[in-house]
Amino acid sequence: MLTAFVLITLQFLCHFSSGCDFSDGSLCLSWAPLFPQEMADQLLQMMAKKGILNNTTVGIFRNCKELRLRRASIRSCTVSAQAFRLALCPHRLQELDASWVSGGLSGANIISGLASNAECRSSLQRLSLNGLHLDWDALEEVEGARLGFSSLRGLRTLSLANTDLTDDILEDICMLPHLEILDISCCAVSKLTPLLDCKNTLKSLTAHRLRQLDMSPARLLSVLTQLHALKHLDFSDDHFAVDDSDGSDGDETVRQLLEGSPQILPALVSLDVSGRKRMTEAAVTAFVKARSGLVFLGLTATGVSSCDVLSSCKNLKVTGEANENQVCEALRRYRDKECFIREALVHLYNLTTDIDRPRPDLLQLVLSGMQSHPSSLHVQLVATACVFNLTTQDLAEAMPVSLLTSSVTQLLHAMKTFPSHTQVQKNCLLALCSDYILQDVPFDKYLAATLVINWLSSHEDPTLQRMAVAVISILVAKLTTEETAHLGKDIFIMKQLLNIVQQKAMVGVVDSTLKFALSALWNLTDEMPTASRNFIECQGLELYEEVLESYYTEPSIQQKILGLLNNLAEVEELHADLMEEDLLEHVLTLLQDSHLEVGVRYFAGGFLAQLASRPEAWTLDEELLSTILKQLHASIITWTQLEREMVSYRSFRPFCPLLQTSQPSGVQLWAVWAIHLVCSQNTSQYGSMLETEGVTELLKALAAHPDTHSDIKRLSDSILRMIEESQSHSGPSKSQTGPQSS
C-alpha cells in the first residue's frame, strides 16, 4: 500500500523547510507524485494514529497540489495554530476532526483558519472539535462582523462535546442553514431555545449531561417538541456525576416525553435517556408500543431495561443491564461515554464470571472500552477483571492470537498507568499468569517483566507473590539477549529475586515461588556477565551456598542453584570470587554421589569443569584441582543418557574453551557429554549452532588428536554423525536459540 510505504520512508522523502519557501523547520516533501485524493486522507490519518503527526511532519501537507486533503483527521495530535493554518487550511476540506488536539490550537484558531479559505466556507460539511477550548472572544472580525461557526455555511455535522460552548455560541451555530447533526454534550449551555432556529433541518441532537441547563421541564419539552425533523435524540445523563445540579429537571422532561403523546417528535427513531431516573416500565412500554419505527432505545442505568416489551420488538436495539445483548450494545454505542462504559463493564463482569466457552466478541468490546478510556481508573479496574474472566484457563487458547496480543498490551498499559492501585495490578497479574499467553502470545515481554518486578517489590501476599514470580520466571526466559542484558543490569531486580529466595530458605519451604525465583535468576545470569557480577555484589553467592547445603535432598532446587553457578563460572573475571574451598568441596561431593540424579551431578560437573579449565587462575590447593579433574572423568563416564530435556542453550560459546585439545580430559569430557545430550534430544535445533559457532571444527580436532581420550573421541564422533545425518535428511537447519530453561 502506497500510504504505508510513504509513512515508513517519510524521513527519506522529505527535507526541512529551511531550503524551500518556508523557514519554520517543518518538513517538506522533496518530491512527490500526484497522490489520489483518498490516499492523501489516508496518509494524514495514519500519521495521526501512529502518533507521528506534529508541527514538523504536518508540513508535508502544505503541498496542496500533490497531497489534496478532503477528509482530514488530526485527532489527539499536537499541532499549533500556525502549523494548522499553513498545512490544512489551504485545502478544500469536506471533513475535519480536530478533537482533543493539544499544542495550543483553539476552536477560534480553527474557525478563523477555515474561514480564511473561501472554498472551505462552502465545502466543509463535518467538523469535530470535541475537547477543545473554543476561545470565542479571540475570534477574528471581518468588516466589523465576528467570524463564527455560521461563516462555515456548508456545515451539516458539528460536534462540540466537552468544550466551553456557551449560549451565545449556540445561537451562532443554529444560524447554519444546513445543520443536521449536532453534539453539545458536557457543555455549559443553559438554554436550548436557539435550536428552534434550525428546527426544520436538525435531524440528530446529542445533549448528554447538560447539567447547567436552566429551563423548566415544560419549556424544555416545548423546545424539543418543535424540532420537527429530529430523528435521533440523546438526552442521557451521567448518573455518577457529582456537581451542583442533580439533573432532576432533565429527568422530569424525559418522564413527560415518554408519557406524552406520540405526536411529540413524530419522526423520532432513536432515543437515548440512559442515566435518567423517574422512569417507569409502564411509560417505556407505552412509548415503545406507540412508535413502531423506533430502532434504538438507550436505557442503561435507568432501572427499566427489563420491560417485556423490549424483547418482543425484534428490530429494536436497546442498551441496558437486563441481558447480554443490552450490555454489549452499550459497550458498542457508548465508547466515548465513560460513565456508561463503566456500567456496562460491571454487568459484563457478572455475566462472564462462570463463562465456559471462548467469546472473542466480548473480549474485543472490553478492549475497545479500555482503549477509549486509558486513563480512567474505574474503566480499567473493571475491564482488567473482565479480561481475566474471558481468558482464564483454556479460554485463551481458542482466541485469535492477535486479539490476545492486544489484550496483553492493554493490561500492561493499565499496570503502567496505575502502578499503585493494588486491585488493578492484581487483575492484570491474574490475567497474565497463563502458560499459553506467556509462552505463545507475542507481546512486549520486557515491559511486562519490569512492570511485574516493580509491583513485586511492594507486595508480599503469598498467592500473588507466587504468581508474580512465576510470570517473571517465564518472561525472563523469553527475552532477547539484549533485553536480558538490560534487565540484568538493574541491581534492584536482582535484589528482589534474591530476597524471595532468602525468605523461603529461612523457613526451609519448597514451593513453586522458590523454584520460579531460582529459575528467573538462572535465566537472568545466562551468558550475562553484568548480571552475574550483580548477583555476587548482592551476596547471592553466600546465600546460594547456604541453600545448596540446606536443600541437599531436593534435586529440583539443587539443579537450579548449580545451573546459576555454571553461569557464574563461565565468566572468567568472576573465577576469583568463586575460589572458595568449602563451596568447591561441597560441589565435588555432589558430583561424586552416585545416589543423586544425573541432572544434579551434571550441573555440579559443569561448574567444576569451568573453574578447572583455567589452571593459571587456580588459587586453591593443587591437590583439590587434581581430584576434581579425576573425579570429573570418573563420574561422567558412569552417567546414563537422559530421555527428558534437562537444559537448553542459547549458544555453545562458553563450551569452546573447554573443547581445546590442551584441556584435561575431565574438562573435555563434560563439554562433549553436554553437547551430545542436547544434540541427541534435538539435533535439528543445535546442529547449525555447532556449525555456525565453530564447535564442529573443535570436535573434529578433538577426535583427530592423538592424545584425546578414547571416551571423548567416541562422543565427539557420535555428535558429528548426528549432525551429518540430520543435514542429509533435512538439509541445513536454521539456528534456534533461547535462554536456559529451568
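Author: We can begin with the contacts of one residue. Apart from neighbours within four places in sequence, Phe607 is in contact with Leu565, Asn566, Ala569, Leu578, Leu583, Leu584 and Val587. Keep in mind throughout that this is a predicted model.

Reader: Which residues touch the most other members of the largest nonpolar core?

Author: The general idea comes first. In soluble globular proteins, nonpolar side chains tend to be buried together. Here the largest nonpolar core has 158 residues, and Phe607 is among those that touch the most other members, together with Leu584, Tyr602, Phe652, Leu659 and Trp670. Helix H31, residues 665-681, gives the most to this core, with eleven residues.

Reader: What should I look for in the backbone angle phi?

Author: Most residues other than glycine have a negative phi. Trp100 has a positive value, near 60°. Arg278 is not a glycine, and its phi is positive too, at about 70°.

Reader: Where are Trp100 and Arg278 found?

Author: Trp100 is in the loop between strand S4 (95-97) and helix H5 (107-115). Its relative accessible area is 41%, so Trp100 is partly exposed. Arg278 lies in the loop between strand S12 (270-272) and helix H10 (281-290). With 47% relative accessibility, Arg278 counts as partly exposed.

Reader: How do I read a helix, and what is the case for helix H20?

Author: An α-helix has 3.6 residues a turn, so residues three or four places apart point the same way. Helix H20 runs over residues 462-478 and has 17 residues. From first C-alpha to last it reaches 25 Å, close to the 24 Å expected at 1.5 Å a residue.

Reader: Why is H20 described as largely enclosed?

Author: Because twelve of its 17 residues are buried, H20 is largely enclosed by the rest of the structure. Among the buried residues are Leu464, Gln465, Met467, Ser473 and Val476. The cover over the buried residues of H20 includes helices H17 (422-432), H18 (435-440), H19 (445-456), H21 (481-488), H22 (491-507) and H23 (512-524).

Reader: What does Thr484 touch?

Author: Thr484 is found in helix H21. With a relative accessible area of 0%, Thr484 is buried. Not counting residues up to four places away in sequence, Thr484 touches Val476, Leu479, Asn523, Leu524, Met528 and Arg650.

Reader: Which residues does UniProt list for a domain?

Author: An unreviewed UniProt entry lists residues 369-724 as "domain: Protein zer-1 homolog-like C-terminal". In the model, residues 369-724 are 71% helix and 0% strand. The end C-alpha atoms of that stretch are 56 Å apart.

Methods. Residues numbered from 1 in each chain as written. Predicted model: local features only at pLDDT ≥ 70, side-chain atom pairs only at ≥ 80, totals over all residues. Heavy atoms only, no water. Core = buried A, V, L, I, M, F, W, Y, C linked by side-chain atoms within 4.5 Å. Buried < 20%, exposed > 50% of the residue type's maximum accessible area, 1.4 Å probe, protein only. Helix = DSSP H or I, 4+ residues; strand = E, 2+ residues; numbered from the N terminus. Contact = heavy atoms within 4.5 Å. Expected span 1.5 Å × (residues − 1). UniProt positions renumbered as here; feature names shortened; annotations may be inferred.
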